[in-house]
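Open the model in your viewer and keep the selection panel at hand. The stops below say what to select and what is there.

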Amino acid sequence: MQRPPVGVKMVIEAVCIMKGVKPKRVPGEKLGSKVDDYWEPGRGLLQDPGKFLDSLFKYDKDNIADSVIKAIQPYIDSEEFQPAAIAKVSKACTSICQWVRAMHKYHFVAKVVEPKRKAWREAEEDLRATQQVLEEAKERLREVEGGIAMLQDKYKTCIAKKEELEMKCEQCQQRLGRADTLINSLADEKVRWQDTVESLDYKINNITGDVLVAAGFVAYLGPFTGHYRVALCNEWLRELSENNIPHTEEPNLISTLGDPVEIRSWQASCRKA
């Protein structure tokens, strides 16, 4: 709709003013002049009817600026901006027109009602404060009446708590003694564990190249003499370095795939034999 009816155009302008949508400056009838046009921005509002209706329901009607009311007043006074007149050109715009007029009317009604609301809220606040003072007085009275019994109970509780704390203190001292003994015993193990962790981290980070070399040992080096085995191993290490494959400095079959415990068992068996 490039040239909407006057009623539709007025409704779009009015709802844009109410929602603070800025108009687009377009050429006017006179050469070189510019006028405000709400039609294109208004159509943008209506592209999503659901979202548009939801924005009308959630409109902050209690804080409508006086400048908005002043800008919308000419539309309210216009005979063409009456629901009956708008209904003749667009039923959909009729409801929007009624909404604009309702927000305009609510603004002035709220000005009359708001002082009464404020007085009512102040009266409620005074009542709550008075009730709070009364409750505090009642609470103090109950505290005074139950003071002696409460102090006696507190004394008994403190005695029991003291005995419990003394027992726990003794237990804590015993535990601290045992913990100190255990920590001293494990001090040497800490260094060994740290060395083991560093060694394992180093091996894990270089496992790819080490396993690759170990696999080569198992698959290919059996038939060759020691001289050829060393030469092939050095060639593999050079290829690993050139291809940025992580590996330890001197990977070998025993360090990668061997089990130290089992190897020592073999050695012990050989000595017995």
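Axes here are lines fitted to C-alpha atoms, for helices over the stretch in contact, and angles run from 0 to 180 degrees between N-to-C directions. Helices (H or I, at least four residues) and strands (E, at least two) are DSSP runs, numbered from the N terminus. This is a predicted model, in which local features need pLDDT of at least 70 and side-chain atom pairs count only at pLDDT 80 or more, while totals for chains, interfaces and linings use all residues. Residues are numbered from 1 along each chain as its sequence is written, and side-chain values use heavy atoms, with hydrogens and water left out.

**Stop 1: α1 and α2**

Select α1 together with helix α2 (residues 39-46); their axes come within 9 Å and cross at roughly 75 degrees. The two helices are therefore roughly perpendicular, the word used for 65 to 115 degrees; angles under 35 count as roughly parallel, over 145 as roughly antiparallel and the rest as oblique. Now show side chains: Val-8, Ile-12, Cys-16 and Lys-19 of α1 meet Trp-39, Pro-41, Gly-42, Leu-45 and Leu-46 of α2. Contact means heavy atoms within 4.5 Å. The residues of this contact divide into seven nonpolar, one polar and one charged. Ala, Val, Leu, Ile, Met, Phe, Trp, Tyr, Cys and Pro count as nonpolar, Asp, Glu, Lys and Arg as charged, and the others, Gly among them, as polar.

**Stop 2: α4**

Select residues 66-77, the twelve residues of helix α4; at 1.5 Å a residue they should span 16 Å, and the end C-alpha atoms are 16 Å apart, which agrees. The expected span is 1.5 Å times one less than the number of residues. Colour Val-68, Ile-69, Ile-72, Tyr-75 and Ile-76, the buried residues of α4. Viewed down the axis, these buried residues fall within an arc of 110 degrees, so they line one face of the helix; the arc is that of the directions from the helix axis to the C-beta atoms. Buried means under 20% relative accessible area, exposed over 50%, and partly exposed in between (1.4 Å probe, protein chains only). The other side of α4 has Ser-67, Lys-70, Pro-74 and Asp-77 exposed.

**Stop 3: Tyr-106**

Stay with helix α6 and pick Tyr-106, which is partly exposed at 22% relative accessible area. Lys-61 is 45 residues away from Tyr-106 in sequence, yet their C-alpha atoms are 7.5 Å apart. Leaving aside neighbours within four places in sequence, Tyr-106 is in contact with Lys-61, Asp-62 and Arg-117.

**Stop 4: α8**

Select Gly-209, Asp-210, Val-213, Ala-214, Gly-216 and Phe-217, the buried residues of α8. Their cover includes α9 (226-242) and α10 (253-257). Exposed Val-218 and Ala-219 sit on the face of α8 turned away from its buried side.

**Stop 5: Asn-244**

Finish in the loop between α9 and α10, at Asn-244. Phi of Asn-244 is near 55 degrees, a positive value in a residue other than glycine. Asn-244 is exposed, with a relative accessible area of 68%.
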